[in-house]
Amino acid sequence: MKNSKITRKITQGMYVLTTPNGGCMVDAVSQVSAGDNPLISVAVMKKNFTNECMNNGKIFALSVLGEEVNPEIIKTFGFNSMRDINKFEKVKTTEVMGVKVVNDSLGYIICEIVDKIENDTHTLFIGKMIEGDVTNDKSPMSYGYYQEHKDELLKVTTTNGQTAWVCTICGYVYYGEMLPDGFLCPICKMDASHFEKKN
Ligand SMILES: Cc1cc2nc3c(=O)[nH]c(=O)nc-3n(C[C@H](O)[C@H](O)[C@H](O)COP(=O)(O)O)c2cc1C
């Protein structure tokens, strides 16, 4: 492949996907039909706790993040698993139709799951939108914007003499002079070739 980063030019947004019992950051969201109750797809990695929640439930919410979102929300939902921490204790939310939506967002979409497609690594869930609201009219954050600004958003600092390795796929930061042998990103499972060194 000459340069797979061309996929970053596919305009995707930044969302917090929530279910009654879990949630994670997602960018792999698409509107697949129009009308009063459009279909919305979201691809969720099978290893994510959120995938289990989606499979065990009928409803999900997408909170649309703006460019001025507090980056702690991205870190909380994107770099941690609900298996280890309660993400809802760290981020302010409001309950809508039984699902928590993020207050620091531009609004939310509530969907009922109507279909799913499995592949090796992900499940593509398709939901019918049953509720939605716009709570803030500022600019949404695109996944491309996140990729371009992730160093400053995630405050990748190497000032204390540490070398930082940043995953170019999801933004996870590993601090250390060298990446360990056989290192895989704990978030997106990409290998060392996808990490950029900052020092
Ligand atoms: C910017 C960003 C975008 C992400 N996009 C997706 C995505 O589209 N689908 C997905 O399954 N995980 C995505 N992730 C990874 C999950 O948010 C992450 O693995 C999370 O820790 C899973 O938490 P859970 O185990 O509580 O479900 C993304 C992470 C980041 C930081």
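**The sheet and the ligand shell**

Visitor: In what order do the strands of the open sheet come, and how do they pair?
Guide: In this predicted model, 7 strands make up an open sheet, ordered 2-1-5-8-9-4-3, with antiparallel pairing.

Visitor: Which strands stand at the edges?
Guide: Strand 2 and strand 3 (29-31) do. Each has a single partner strand, so one side of each has no neighbour in the sheet.

Visitor: What does the twist average?
Guide: From one strand to the next, the twist averages 30°.

Visitor: What about strand 1 and strand 5, how many bridges?
Guide: Strand 1 (residues 15-19) and strand 5 (residues 59-64) pair over 4 bridges, in the antiparallel sense. Within strand 5, Ser63 is the bridge partner of Val16.

Visitor: Which strands does helix 1 touch?
Guide: Helix 1 packs on the sheet and touches strands 1, 2, 4, 5, 8 (107-118) and 9 (122-134). Its direction makes about 120° with that of strand 2.

Visitor: And helix 2, where does that lie?
Guide: Helix 2 lies across strand 1 and strand 2, and runs at about 115° to strand 2.

Visitor: New topic, the ligand. How many residues surround it, and which are the closest?
Guide: The ligand is surrounded by 24 residues, and the closest are Ala28, Asn48, Thr50, Gly78 and Ser81.

Visitor: Which element gives the most to that shell?
Guide: Strand 2, with 4 residues. Strand 2 (22-26), strand 4 (39-45), helix 1 (49-56) and helix 2 (71-78) each supply at least two.

Visitor: How many of the shell residues are nonpolar, polar and charged?
Guide: The shell has 15 nonpolar, 7 polar and 2 charged residues.

Visitor: Which domains does the shell draw on?
Guide: Domain 1 (4-142) and domain 2 (156-198), with at least three residues from each.

Key
Residues are numbered from 1 along each chain as its sequence is written. This is a predicted model: local features need pLDDT of at least 70, side-chain atom pairs count only at pLDDT 80 or more; totals for chains, interfaces and linings use all residues. A residue is near a molecule or strand if its C-beta atom, placed from the backbone, lies within 6 Å of it. Ala, Val, Leu, Ile, Met, Phe, Trp, Tyr, Cys and Pro count as nonpolar, Asp, Glu, Lys and Arg as charged, and the others, Gly among them, as polar. Domain bounds come from an automatic or database domain assignment. Two strands pair if DSSP finds at least two bridges between them. Axes are lines fitted to C-alpha atoms, for helices over the stretch in contact, and angles run from 0 to 180 degrees between N-to-C directions. Two residues are in contact if their C-beta atoms, placed from the backbone, lie within 7 Å.
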